[in-house]
Amino acid sequence: MVNTFNNRQNAHNQIDFIFKNLLPAHGMIERPGQIELAHTMLDAMLDGGIALCDAGTGIGKTYAYLVAGAVFQQYRAENEQPFRPILISTSSIALQNAIQQDYLPFLSEVLQTSIQAVVRKGKTHYVCDERLERRLRQINRGKKNKAALAALHSLREKLDLDQAANLSSYDRERVCVPPICDCNRERCCYRDFLDACEATRYPFQICNHNLLLADAIHRGTGRKPILPDRCALIIDEAHKLPEAARQMFGITLEAADFQVAEQSLRAERYLLAAEHLTALSKPLLRKMSLPFDEDRSLADFIRLLVGPGRGLAVIQRKLRYLVTPATRGQLEKLASTVLLFRDGNSGMIFYTQEDKQNRTILCATIIDLTAQLRSTLWSQEQPILLASGTLAVGDDFHRFREETGLMADNRVSESVSLSPFDYQRNCLLYLPLHPPHWQDQKYNDKITAEIVNLLNATCGHALILFTAYAAMSAVQERLMKEKLPWQVFSLGRNAVHTMEKFKTNPGSILLAAGAAWEGFDFPGDCVSLLIIPRLPFPRPDARTEKAREAYPTLHDFIRSVVVPEMQIKLKQGFGRAIRTETDTCVVAILDERAAQDGRYHGDVLAALPEMPVTSSLEVVASFIQSVKGEDYFEIKGDV
């Protein structure tokens with residue numbers, strides 16, 4: 001750190017010095033909103049509070065909390081407080097890697113000091129030296145797949161199993177660190193790693209929300225913590241915390257659970273048992289592998305669990321003492337999970353969810369999620385920063401606080417940092433005067449015609465976000481008949497490949513749903529038209545039905561839960577439009593409920609940044625003509 005300080009005001013002065021002098025000297029733009037956010041975060045750390053920070057796109061929240069954290073660490077050191085790391089929890093691996101490999105190295109250069117960080121994972125992500133050597137002694141090298149064998153040997157030089165390409169799930173199960181270490185080694189790579197994490201080497205430690213919550217559960221139940229004590233907790237991508245909590249305080253059933261069990265049985269040469277399980281689970285796995293559809297009934301999946309449940313009971317009874325302990329544990333866990341979903345539990349809510357490959361996961365979670373969060377995470381005595389671009393609607397954090405159990409916590413402070421982007425100049429909102437009504441028998445034809453008119457007005461370069469895959473397929477089928485001069489892509493399971501093709505084909509059109517509403521970046525001109533055919537209202541399911549019981553009327557429930565969730569999802573989708581200061585985009589919302597005389601027109605405007613609004617396609621075309629260069633109109637994707 002460049003200057004020394006040991007009081008609160010000097011710490012805040014250091015924030016100003018870094019953002020106003022050091023970072024601009026290294027090419028970063030000075031942003032008043034970012035500086036104010038860093039001061040807010042530092043105050044929360046110094047006061048031991050819980051800060052909810054809604055940070056608009058482009059504000060630079062990651063540097064805000066890293067600088068605040070670095071200053072807070074230095075403040076603690078100069079006041080002779082014991083060393084404790086700052087823990088950063090994120091939802092995405094990409095952000096974890098960026099913090100460790102990009103943000104902190106750059107900040108180290110700026111501050112002329114080395115700021116180290118380590119990414120923490122659960123035990124199953126690390127190799128156990130003893131189990132690795134045992135596995136290498138067991139395998140038949142003549143029959144073992146060469147790539148898988150090479151992956152195993154590479155683990156003698158690696159700790160992280162995720163870095164071993166071609167490692168089979170079967171081998172991974174048998175060489176990972178077990179729940180309870182049972183070897184007699186005095187030293188091993190994993191224990192050395194833990195010792196390093198407990199020492200003073202890493203002022204920042206990074207994990208995902210699931211590991212954070214697992215650590216909180218351990219602490220709340222008196223078990224040994226997974227992660228070290230920290231001086232502050234930063235939860236980035238905090239809007240994902242409730243979803244992670246539902247997973248951690250619940251149970252999931254995925255197609256992969258059956259496939260791993262089958263592979264383990266085959267690897268141990270119990271081929272008849274594996275084939276029996278494969279045959280009985282095939283109808284269920286076929287249905288789970290279909291593109292996720294929120295309209296598909298949970299009961300349809302539950303009915304298909306009867307066969308696998310019976311098959312697992314037979315396999316367990318006959319092979320219980322013959323299979324290895326690892327496979328026995330897999331079968332027991334799978335059988336108990338199948339029984340839970342098949343028979344139900346009055347203390348849990350059951351629902352379906354989409355995974356990252358657009359397949360269906362069966363989920364069960366406890367009814368009172370907020371009580372669990374209060375007793376495990378929020379009860380810890382440490383400053384906590386929660387940051388995201390979608391924690392609030394306007395300046396209202398009510399829905400997030402209600403969902404996470406923070407309504408009555410007097411430590412909570414709130415701040416909203418508006419995006420520095422010039423939406424008034426660079427963005428245009430299109431709301432048609434007479435959009436197609438979804439109950440119209442020719443709705444798909446009419447909405448496609450509206451989309452085609454918009455594509456012609458903007459010369460393609462479009463992302464179309466749907467709320468359902470069935471609607472996406474219906475529009476795609478009709479667009480393909482239009483013989484458009486731009487390529488049309490749809491985002492399915494091979495998302496990375498499709499994204500690359502979309503970005504490298506100027507003018508092309510991408511249809512997407514599900515996870516595409518957040519987390520994807522489209523800087524530049526490739527998304528100059530964002531179309532949202534339907535407002536992203538949450539679909540009714542077991543969770544919403546349960547939440548409805550807490551409100552006296554349906555209207556109260558809609559205004560308190562349904563509308564805020566729609567607004568937050570709309571903000572996430574809108575965020576795909578403009579990613580940098582120079583991006584320009586038309587955002588078109590074609591839902592009749594968002595139109596000028598629509599029921600939710602005011603709610604839509606309240607969720608989005610202020611920008612010009614039009615209902616004229618001529619104005620759309622004129623706007624694109626005024627903000628785009630000549631190359632934009634000359635280049636078209638190959639048809």
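How many bridges join β6 to strand β8? The answer comes with the second view below. The model is predicted: local features need pLDDT of at least 70, side-chain atom pairs count only at pLDDT 80 or more, and totals for chains, interfaces and linings use all residues. Residues are numbered from 1 along each chain as its sequence is written, and side-chain values use heavy atoms, with hydrogens and water left out.

**View 1**
Strand β4 covers residues 204-208. Helices (H or I, at least four residues) and strands (E, at least two) are DSSP runs, numbered from the N terminus. Of the 5 residues in β4, 4 are buried. Buried means under 20% relative accessible area, exposed over 50%, and partly exposed in between (1.4 Å probe, protein chains only). Strand β2 (residues 86-90) pairs with β4 in the parallel sense over 5 bridges. Two strands pair if DSSP finds at least two bridges between them. Ser 89 stands opposite Cys 207 in β4. Strand β3 (residues 117-119) also runs parallel to β4, joined by 3 bridges. Here Val 118 stands opposite Gln 205.

**View 1. The open sheet β6-β8-β7.**
This open sheet has 3 strands with antiparallel pairing. β6 (250-253) and β7 (348-354) stand at the edges, each with a single partner strand, so one side of each is left without a neighbour in the sheet. The twist averages 20° from one strand to the next. Axes are lines fitted to C-alpha atoms, for helices over the stretch in contact, and angles run from 0 to 180 degrees between N-to-C directions. As for the opening question, 4 bridges join β6 to β8 (residues 360-366), and the two run antiparallel. Thr 252 has Cys 363 in β8 as its bridge partner.

**View 2. Helix α4, with a bend at Ile 99.**
Helix α4 (residues 93-111) has 19 residues and should span 27 Å at 1.5 Å a residue; its end C-alpha atoms are 26 Å apart, which agrees. The expected span is 1.5 Å times one less than the number of residues. α4 bends by about 40° at Ile 99. The bend is the angle between axes fitted to the seven residues ending there and the seven starting there. Buried residues of α4 include Leu 95, Ile 99, Leu 104 and Leu 111. The buried residues of α4 pack against α1 (8-25), α3 (61-78), β2, β3 and β4. Contact means heavy atoms within 4.5 Å. Gln 112 follows α4 and has a positive phi, near 55°.

**View 3. Met 41 and the nonpolar cores.**
A nonpolar core is a set of buried Ala, Val, Leu, Ile, Met, Phe, Trp, Tyr and Cys residues joined through side-chain atoms within 4.5 Å. The largest has 47 residues, among which Met 41 and Ile 88 touch the most other members. α3 gives the most to this core, with 10 residues. Leaving aside neighbours within four places in sequence, contacts of Met 41 include Cys 53, Ala 64, Tyr 65 and Leu 385. A second, separate core of 43 residues includes Leu 463, Phe 537, Val 563 and Met 566.

**View 4. The parallel sheet of 7 strands.**
The order of this open sheet is β13-β14-β12-β15-β16-β11-β17, and the pairing is parallel. β13 (488-490) and β17 (613-614) stand at the edges, each with a single partner strand, so one side of each is left without a neighbour in the sheet. β13 pairs with β14 (residues 509-512) over 3 bridges in the parallel sense. Leu 510 in β14 is the bridge partner of Phe 489. Helix α19 (residues 443-458) packs on the sheet, touching β11 (427-430), β12 (462-465), β14, β15 (529-532) and β16. The direction of α19 makes about 170° with that of β15.

Glu 592 lies in the loop between β16 (585-589) and α24 (601-607). Glu 592 is buried, with a relative accessible area of 16%. Not counting residues up to four places away in sequence, Glu 592 touches Pro 435, Pro 436, His 437, Trp 438, Arg 534 and Gly 598. Arg 269 is found in the loop between α11 (255-267) and α12 (271-289). Arg 269 is exposed, at 63% relative accessible area. Phi of Arg 269 is positive, near 70°. Cys 459, in the loop between α19 and β12, has a positive phi of about 60°. Most residues other than glycine have a negative phi.
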